[in-house]
Amino acid sequence: MNKTIWYISKYVTPTYAAKVGSRGFLLLREFSKLGHTSVLITSDSNHLANPPKLQKPRYHEVIDGVNVLWLRTKKYGIARSIGRMLSWLDFELQIFKIPKSELPQPDVIIVSSLSLLTVINGLRLSHRYKCKFVFEVRDIWPMILTEVGGISNYNPFVLLLKWIEKIGYKKADLIVGVMPNLKEHVFEVTKTDRPVVCIPQGIDSGILDDIHSLDDEYIEKYIPKNKFVVCHAGSIGADNALETLIECAKLMKDCVDIHFLIVGEGYKKSIFQIETGNMKNITFAPGVEKKKVQSVLKYSDVVYFAVHKNPVLRFGQALNKVIDYMLSGKPVIASFSGFPSMIDEAQCGSFVPAEDVASLRIEIERFAKMSFEERKRIGERGRNWVLKNRKMETLANDYLHFMGIAS
């Protein structure tokens with residue numbers, strides 16, 4: 001039977017507007033393909049997207065079978081700012097103003113963090129429509145603020161978010177995490193056994209048919225030749241912990257056969273370029289569009305990502321980058337201290353302790369000594385695993401099953 005599913009999130013957009021992954025939208029697209037009515041309620045104020053310019057408070061469009069309702073909300077210039085918090089409040093106000101007649105009545109309302117404030121609206125709307133309420137967690141707030149951002153647990157805003165988080169966990173009919181070990185965190189917060197499942201990041205099957213090649217000029221200028229290439233592709237900012245890789249490259253500057261390729265943009269890129277200006281074993285290449293990422297990765301021998309030491313990661317990671325890396329068919333090395341998943345399950349690479357430069361060097365040298373055939377076998381295990389377990393069609397069916405909806 002056809003069901004109507006609302007998905008409310010300030011930071012989820014259709015694929016045409018997204019700068020990073022569109023997991024929420026892609027799931028809704030799959031719900032629509034299976035005969036359900038999918039509605040996305042989102043904001044035009046999003047530093048991770050290029051949304052349409054709204055001339056009116058609300059703008060409706062239908063993209064790939066998904067009903068998208070854009071809400072015009074307060075703009076902000078810096079991600080970590082009071083302006084962004086005010087934009088969150090404005091989003092809640094605009095949700096409150098949506099006329100009942102503009103959208104089909106929901107059978108399920110999914111609220112996806114961030115922002116946690118939307119939990120209140122989600123509970124209010126689920127009560128109004130007498131429908132199921134699903135709390136989806138893509139980032140564990142406010143724990144990130146206190147454990148990573150250094151903000152006091154007794155900050156009034158943190159206390160408010162903790163209260164909202166707890167209410168959301170206790171009142172939700174289903175809690176969905178993109179990280180594999182969220183259930184442990186939910187128990188710590190609520191002291192009760194709540195219904196928690198994992199619907200992780202996934203791949204859009206269509207991307208496999210739409211991979212664009214690199215320009216010859218890009219290849220000639222930036223891709224190392226006749227080297228063992230360790231590649232990091234993605235943003236270059238504080239959260240990406242590239243200091244570990246940079247320090248490792250410094251230690252290995254005399255290893256003439258090993259080269260470090262860093263592809264992407266970010267505010268720390270110029271800092272790292274200055275720091276490594278006289279090193280010949282490292283190349284910084286411009287970021288490429290999503291459709292060219294796989295073409296970059298095919299020139300690497302191993303792919304690499306890192307995170308800082310972070311208590312939040314004991315509940316697992318949910319990085320789009322890992323999906324892209326595994327899809328490349330290359331072995332993955334991760335500087336990661338947290339709940340292991342995907343790479344271990346697929347046996348397609350290895351974890352070394354976060355921020356441990358010496359361990360990273362040992363692991364890079366271990367892979368460099370392997371035969372090409374052995375590395376290929378390891379990388380292909382990752383590609384095969386992710387294609388089997390992380391297609392959006394599979395994840396959407398799992399999601400519907402956990403919500404009690406027949407697919």
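Start by selecting helices α11 and α14 (residues 372-389): they pack at an angle of about 120°, with their axes 7 Å apart. That angle makes α11 oblique to α14 (under 35 degrees counts as roughly parallel, over 145 as roughly antiparallel, 65 to 115 as roughly perpendicular, and the rest as oblique). Show side chains here, and you'll find I323, M326 and L327 of α11 touching G379, G382, R383, W385, V386 and L387 of α14. Contact means heavy atoms within 4.5 Å. Axes are lines fitted to C-alpha atoms, for helices over the stretch in contact, and angles run from 0 to 180 degrees between N-to-C directions. Helices (H or I, at least four residues) and strands (E, at least two) are DSSP runs, numbered from the N terminus.

A word on what's on screen: this is a predicted model, where local features need pLDDT of at least 70 and side-chain atom pairs count only at pLDDT 80 or more, while totals for chains, interfaces and linings use all residues. Residues are numbered from 1 along each chain as its sequence is written, and side-chain values use heavy atoms, with hydrogens and water left out.

**Next stop: the six-stranded sheet**

Stay with α11 (residues 320-327), which lies across β9, β12 and β13 and runs at about 170° to β12. Those strands belong to an open sheet with parallel pairing, in the order β11-β10-β9-β12-β13-β14; two strands pair if DSSP finds at least two bridges between them. At its edges are β11 (282-285) and β14 (349-352), each pairing on one side only. From one strand to the next, the twist averages 20°.

Now pick β9 (residues 228-233) and β10 (residues 258-263), parallel neighbours joined by six bridges. Which residue of β10 is the bridge partner of V229? Select H259 to see that partner.

Before you leave, click Q347 in the loop between α12 (343-346) and β14. Phi there is near 55°, a positive value in a residue other than glycine. Most residues other than glycine have a negative phi, and most peptide bonds are trans.

**On to the eight-stranded sheet**

This open sheet has mixed pairing and runs β3-β4-β2-β1-β5-β6-β7-β8. β3 (58-63) and β8 (196-198) each have a single partner strand, so one side of each has no neighbour in the sheet. Here, too, the twist averages 20° from strand to strand. Zoom in on β5 (residues 108-112) and β6 (residues 132-137), a parallel pair with five bridges; I109 has F133 of β6 as its bridge partner.

Helix α6 (residues 182-190) packs on this sheet against β6, β7 and β8, its direction making about 130° with that of β7.

One joins L114 and S115, with omega about 15°, and S115 sits in the loop between β5 and α3 (118-129). Another runs from W141 to P142, with omega near 5°; look for P142 in the loop between β6 and α4 (143-147).

**Last clicks: side chains**

In helix α1, select K33 and E30, three residues apart, or about one turn. Their side chains meet in a salt bridge (3.4 Å, N to O), meaning a side-chain nitrogen of Lys or Arg within 4 Å of a carboxyl oxygen of Asp or Glu. The whole structure has 20 salt bridges.
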